[in-house]
Amino acid sequence: MYSLFKSLWQYRNFIFSSISNEFAVRFARSKLGGLWMIIHPLSQVAIYALILSNVLTAKLPGVNNKYAYAIYLLAGMLAWSLFSEIVTRCLTLFTEQGNLMKKMRFPRVTLPAIAIGSSLINNALLFTAILFVLACLGQWPGMELFALIPLYAVLIAMAVGVGLVFGVLNVFVRDVGQVVPIFLQVFFWFTPIVYPVSIIPVELKQLVLLNPLYMIVGGFHNVLAYQQLPEIDSTMIVLVVLSGLLMFLGLFIFRRAAPEMVDSL
Amino acid sequence: MSLLVVQNLGKSYRTYHSEWQRFARWFGVSVTPRSEQWVLRNIDFTIESGESIGVLGKNGAGKSTLLKMIAGTVQPSEGTVQLNGRIAAILELGMGFNPELTGRQNVMHAAGLMGYSKVDIENAMPDIQAFSDIEEYFDLPVRTYSSGMQSRVSFAVATAFKTDILIVDESLAVGDAAFQRKCFRRLEGLIAQGTTLLFVSHDIDSVKKICKKALFIDHGRLVEFGDAKKVCDHYEKALFGKSDKQKDQKHVVLLDATLKSDCEVSYGDGRGTIANIVLAGAEGDQANVFRSNEDMSIEYDVQFHEAVRSPVFTCMIKTKEGIAVSGTDSTFLEAEVVDASPGDVLKVKFSFSAALVPGFYYVNCGVRDADASEAGFIHRRVDAAIFKVVSGDDTTALVGVADLQARLEVSTP
């Protein structure tokens, strides 16, 4: 495990340059170039905020603020988009880079690192756009924002764990690559992102509470929509342990499978 | 300490009854695979620094697998590769290149992939740019490159950093001849600086030229490891299925079934047809691989459909590039002239010495009227056959076209 981190450190320049190349390639030959990185998330966020609060006038139960539901939705999307982007990218990482892995000798662990890095940058831009819109609407959250840092850590650990496990399995059983997107869709609707948890029937509520993402998304909601600190209780500790274990499992499977992956690609 | 020690190396591909068994194995459950196919086994050899090694073997013999295990991209199933130095491998040119990025950005990226730091790469950049020799294209996106230009840049990156071992896998068969020559010069330069080259090629002559020793692999086994010239000869013999009895190199004639012309052009006025073009060795047995300066012949049949007064038979040998090496006809050779009547079949045989530099040569055959001013051919077949000249004991020239039977004397006045 130590050697994984050592090779990540040795290849740090390569990882950074790969991430920046990825963005350079994405905006090559476009006039506005890197500006699109801001325009996309900003327009997405602005549309949600305007349509939901002014046109549909959707309300969040218990909060008397016309922007509350839009902000609730954005907070949930912020967390979910990072999770689903990391999982989706890790899923096809090794199958797409098969030829490179066969022909070049380099630490394989740089591949997920690059994917995670660029997902994080995308998410940071979305986050910036959300903060910008919040400031415009006069809903600036305040110091609670720092509570997002541990939430992010847990979220990333969980996404990396899940992504690596499925990414490795996908090399050997390609059906995994087809199943996981469906699974992600189901999971999205099982997490209170577009709806508040209060509208769920009581008998289903227990099921939703088992969803590990519920706690994390709930934390994002607390910070951005309700401007409170996330609740710290026993489930939170379970969650931290669980995400740590998931990440460890992902790295473990990745290490064990790495020699065999090249043979199957 | 030896540079590279390969001990009992083997690679097998395993299949399991179910992929679940494979997954279970990662967690320490012992599972017997359903089938195990060994592609390479019991490979032992040691390479000292400064020895360049050619790797010979037919397609599918296991050469690439061996190199990938030495390079570290494929994990051995048994045995060990002990490496005491830095290694670089060119298993495929242009790995990791992105068409939207410029040559310079791709160089940064590809060299980063090889594990070099930014400072190292920046120091090597002028050299890479100079070797690529593509001028302003270096700062343009790679998608605007010709395939040759891309090969130049990727070869330049792969060989820019001094390593103890450099693996080159058949990737040099790209680009124009001048660039290939440049690549070989670079490889020779690296060898001179002490890099050990592991070189895979089907071209036995280039192995003989740049390698000191050679490995011969067949069906996943190491057949022979030793002096390059000796191993190359044994490999050639195995390749063309020659028995030990025909050891005398002077009379070795070989037939390579893969040497077939695929670009023949045939035309004529229909008064006759050339058929059965056969190349033969000194003893008249069919062959298309000759040692330089060996006697060889070109034979063909001409069937006449109409009467032709004293027809002239022609024959020409050309290089791959289409440069005429030697052309002659029956008038010039003062052969007896016969008149042909409809239905006649004449057998024509040109014999000569293959005083040629090792390489590939093409044959043209033709038949025309005696009056040469009328350029029209009765039948002409251009690029109708190919033959290969390989070096032998009598070979005195390595580059160019003709072997002029050079002799050398060095004396003090």
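User: Which residue is the bridge partner of T273(B) in strand 13 of chain B?

Analyst: The bridge partner of T273(B) is Q303(B), in strand 13 of chain B. This is a predicted model, in which local features need pLDDT of at least 70 and side-chain atom pairs count only at pLDDT 80 or more, while totals for chains, interfaces and linings use all residues. Residues are numbered from 1 along each chain as its sequence is written, and chains are lettered from A and ligands numbered from 1 in the order in which they are written.

User: How do you know that strand 11 and strand 13 of chain B pair?

Analyst: Strand 11 of chain B and strand 13 (residues 295–304) of chain B share 8 bridges in the antiparallel sense. Two strands pair if DSSP finds at least two bridges between them, so strand 11 and strand 13 of chain B count as paired. Strands (E, at least two residues) and helices (H or I, at least four) are DSSP runs, numbered from the N terminus.

User: What makes strand 11 and strand 16 of chain B the edge strands?

Analyst: The open sheet has 3 strands in the order 11-13-16 (chain B), with antiparallel pairing. Strand 11 (272–281) and strand 16 (345–353) of chain B each pair on one side only. Neighbouring strands of this sheet are turned by 20 degrees against each other on average, direction ignored.

User: Why is one side of strand 2 and of strand 4 of chain B left without a neighbour in the sheet?

Analyst: The open sheet of 3 strands with the order 2-1-4 (chain B) is antiparallel. Strand 2 (35–47) and strand 4 (78–83) of chain B stand at its edges with a single partner strand each, so one side of each has no neighbour in the sheet. Strand 1 (residues 4–15) of chain B meets strand 4 of chain B in the antiparallel sense over 5 bridges, and G10(B) stands opposite E78(B) in strand 4 of chain B.

User: In what sense does strand 8 of chain B pair with strand 3 of chain B, and in what sense with strand 9 of chain B?

Analyst: With strand 3 (residues 53–56) of chain B, strand 8 (residues 213–218) of chain B pairs in the parallel sense over 4 bridges; G54(B) is opposite A214(B) in strand 8 of chain B. With strand 9 (residues 221–227) of chain B the pairing is antiparallel over 6 bridges, and L215(B) is opposite F225(B) in strand 9 of chain B. Strand 8 and strand 9 of chain B form a hairpin with 2 residues between them, and H219(B) in the turn has a positive phi of about 50 degrees.

User: Why are helix 3 of chain B and helix 4 of chain B called oblique to each other?

Analyst: Helix 3 (residues 103–113) of chain B and helix 4 (residues 118–132) of chain B pack at an angle of about 125 degrees, with axes 11 Å apart. Axes are lines fitted to C-alpha atoms, for helices over the stretch in contact, and angles run from 0 to 180 degrees between N-to-C directions. Angles under 35 degrees count as roughly parallel, over 145 as roughly antiparallel, 65 to 115 as roughly perpendicular and the rest as oblique. Helix 3 and helix 4 of chain B are therefore oblique.

User: Which residues make the contact of helix 3 of chain B with helix 4 of chain B?

Analyst: Helix 3 of chain B contributes G103(B), V107(B), M108(B), A111(B) and G112(B), and helix 4 of chain B contributes I121(B), M125(B), I128(B) and S132(B). Residues are in contact if their C-beta atoms, placed from the backbone, lie within 7 Å. By class, this contact has 6 nonpolar, 3 polar and no charged residues (Ala, Val, Leu, Ile, Met, Phe, Trp, Tyr, Cys and Pro count as nonpolar, Asp, Glu, Lys and Arg as charged, and the others, Gly among them, as polar).

User: What makes helix 4 of chain A and helix 6 of chain A roughly antiparallel to each other?

Analyst: The axes of helix 4 (residues 68–96) and helix 6 (residues 110–136) of chain A come within 9 Å and cross at roughly 165 degrees. Helix 4 and helix 6 of chain A are therefore roughly antiparallel. Their crossing is right-handed. The contact includes L74(A) and L78(A) of helix 4 of chain A, and L126(A) and F127(A) of helix 6 of chain A. It has 15 nonpolar, 4 polar and 2 charged residues.

User: What does the side of chain A that touches chain B consist of, by class?

Analyst: The contact takes 25 residues from chain A and 25 residues from chain B. Helix 2 (12–26), helix 5 (98–103) and helix 11 (234–264) of chain A each supply at least two residues of the side of chain A that touches chain B; the largest share, 7 residues, comes from helix 2 of chain A. By class, that side has 15 nonpolar, 5 polar and 5 charged residues.

Key
Contact = placed C-beta atoms within 7 Å. Left-handed = near helix turned anticlockwise from the far one by under 90°.
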